[in-house]
Amino acid sequence: SNSYANCTLLKLDGVRTREDAAWYFGKRVAYVYKAKKEVKNSKFRVMWGKVRRAHGNSGVVRAKFRKNIPPRAFGAPCRIMMYPSSI
């Protein structure tokens, strides 16, 4: 099958239904990785994205990153920020 890098699927811990996934819509996603060259005294870099919508009924969500994430990031952990919050 074809894979398209502009839309990333994320499986969230503890999210099992489409309704549970709805709480994460609009939340920021950070893919943190380590690079060889140091920039601003840090070897860590971040790619930012946003949770857009659900994918199916089992709690998987679609995220859109500012720059498409590289293939080596497929299956790697991401951090979901608890902002912006609507509560």
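A: The protein has 20 positive and 4 negative side chains, and the centres of the two sets lie 12 Å apart; here Lys and Arg count as positive and Asp and Glu as negative, while His and the chain ends are not counted, and the place of a charge is taken as NZ of Lys, CZ of Arg, CG of Asp or CD of Glu. This is a predicted model, in which local features need pLDDT of at least 70 and side-chain atom pairs count only at pLDDT 80 or more, whereas totals for chains, interfaces and linings use all residues. Residues are numbered from 1 along each chain as its sequence is written, and side-chain values use heavy atoms, with hydrogens and water left out.

Among the charged residues, Lys-50, Arg-52, Lys-64 and Arg-66 gather in a positive patch on the surface. A patch is made of residues with over 30% relative accessible area and no salt bridge, joining like charges within 9 Å and nonpolar side chains (Val, Leu, Ile, Met, Phe, Trp, Tyr) within 5 Å; a salt bridge is a side-chain nitrogen of Lys or Arg within 4 Å of a carboxyl oxygen of Asp or Glu. Arg-66 lies in the loop between β4 (60-65) and β5, and it is exposed, with a relative accessible area of 68%, where exposed means over 50%, buried under 20% and partly exposed in between (1.4 Å probe, protein chains only).

A nonpolar patch is also found on the surface, formed by Trp-23, Met-82 and Ile-87, which together have about 360 Å² of accessible area, a quantity that comes from the Shrake-Rupley method with a 1.4 Å probe, with only the protein chains shown counting as cover for residues. Ile-87 sits in the segment after β5 (79-80) and counts as exposed because its relative accessibility is 83%.

As for the whole, the protein exposes about 6,500 Å², of which carbon and sulfur atoms supply 51%, and 26% of its 87 residues are buried. Its secondary structure comes to one helix and five strands, in the order β-α-β-β-β-β from the N terminus; helices (H or I, at least four residues) and strands (E, at least two) are DSSP runs, numbered from the N terminus. Along its principal axes, the C-alpha trace spans about 40 × 40 × 20 Å.
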